[in-house]
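User: Could you take me through this model? I would like to go from one topic to the next.

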Amino acid sequence: MTDGPLSLTKVIASIGGAVLAASFFLPLVDLHAGGPATADAFGVESMRRHIEGSRELDSVKPLIAPALQQLDMFAAGPSLRNLSRLVGSTKEILDTVAATGMAPAEVTMASTALGATRLALWLVPLVGAFQAVLPLLTRFRGYAGFFGLVARFSFGLLFLTLALVPLLGAPEARPFFGSAVYAALIGGGLMMAAGVAGVTRGNAVLVLAAQAGILAAMVFGLRALVEAGQRAL
């Protein structure tokens, strides 16, 4: 444990991490404002049809009921946690279908995509918990180093961007967004702010330059994706 001065930026980063981790368990959409149909924005009914369409395989039958249960849980409480469980159940069905050797290549590709999606979803609570707990280990004292500040800024920027995309891209749907979106926005923003404000005289130039480069890469990357999407239409 370091005996350095109390670091306010570590306190802010820890709060941001805790808020980000909490977003994993909060609703993605507001069912009270949008009604049950809002949850189907995630393709709940389509997933239900795909799951039930696998009933003819004996090896899959035992997996149908648990998958449908996870589907209903997500429809009732559309959080990232319930979504990750639903993705896991659906992936298990696809893996079982693929194991028969009679499934098309699309099934294997879909299973791989679901596996990657589930890992990405679990990054939210893992990064948030790590950021919330790590400063506690130093009793909020001392200064974060170059890599700590850059990582804090980078992950904050990532989750803030993921929250901003639906908010800015679909302004008419803002009343239906759940608290998870705003929690990710606040948590990511606090982590970014702590990453910028946590610099010292000794590392300010290097840290800020690295963070500026990451921000520029994110902006130009999103711009390239938007332009590519427009050309494809």
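User: Where is Leu20 found?
Analyst: Leu20 is found in helix 1 (residues 8–23). Helices (H or I, at least four residues) are DSSP runs, numbered from the N terminus. This is a predicted model, in which local features need pLDDT of at least 70 and side-chain atom pairs count only at pLDDT 80 or more, while totals for chains, interfaces and linings use all residues. Residues are numbered from 1 along each chain as its sequence is written, and side-chain values use heavy atoms, with hydrogens and water left out.

User: Is Leu20 buried or exposed?
Analyst: Leu20 has a relative accessible area of 0%, so it is buried. Buried means under 20% relative accessible area, exposed over 50%, and partly exposed in between (1.4 Å probe, protein chains only).

User: What separates the C-alpha atoms of Leu20 and Gly187?
Analyst: A distance of 4.6 Å separates them, although Leu20 and Gly187 are 167 residues apart along the chain.

User: Changing topic: how many salt bridges are there?
Analyst: The count comes to 2 salt bridges, each defined as a side-chain nitrogen of Lys or Arg within 4 Å of a carboxyl oxygen of Asp or Glu. Asp95 pairs with Lys91, with the closest N and O atoms 2.8 Å apart. Glu227 pairs with Arg223, and there the closest N and O atoms are 3.3 Å apart.

User: Where do Glu227 and Arg223 lie?
Analyst: Both lie in helix 9 (residues 204–232), 4 residues apart, which is about one turn of the helix. Arg223 has a relative accessible area of 51% and is therefore exposed, whereas Glu227, at 33%, is partly exposed.

User: And where are Asp95 and Lys91?
Analyst: Asp95 and Lys91 are both in helix 5, again 4 residues apart, about one turn of the helix.

User: How do helix 5 and helix 6 run relative to each other, parallel or antiparallel?
Analyst: The axes of helix 5 (residues 80–99) and helix 6 come within 9 Å and cross at roughly 155°. Axes are lines fitted to C-alpha atoms, for helices over the stretch in contact, and angles run from 0 to 180 degrees between N-to-C directions. The two helices are therefore roughly antiparallel, a term for angles over 145 degrees.

User: What is phi at Phe140?
Analyst: Phe140 has a positive phi of about 60° although it is not a glycine. Most residues other than glycine have a negative phi. Phe140 is in the loop between helix 6 and helix 7, and its relative accessibility of 19% is why it counts as buried.

Notes: Angles under 35 degrees count as roughly parallel, over 145 as roughly antiparallel, 65 to 115 as roughly perpendicular and the rest as oblique.
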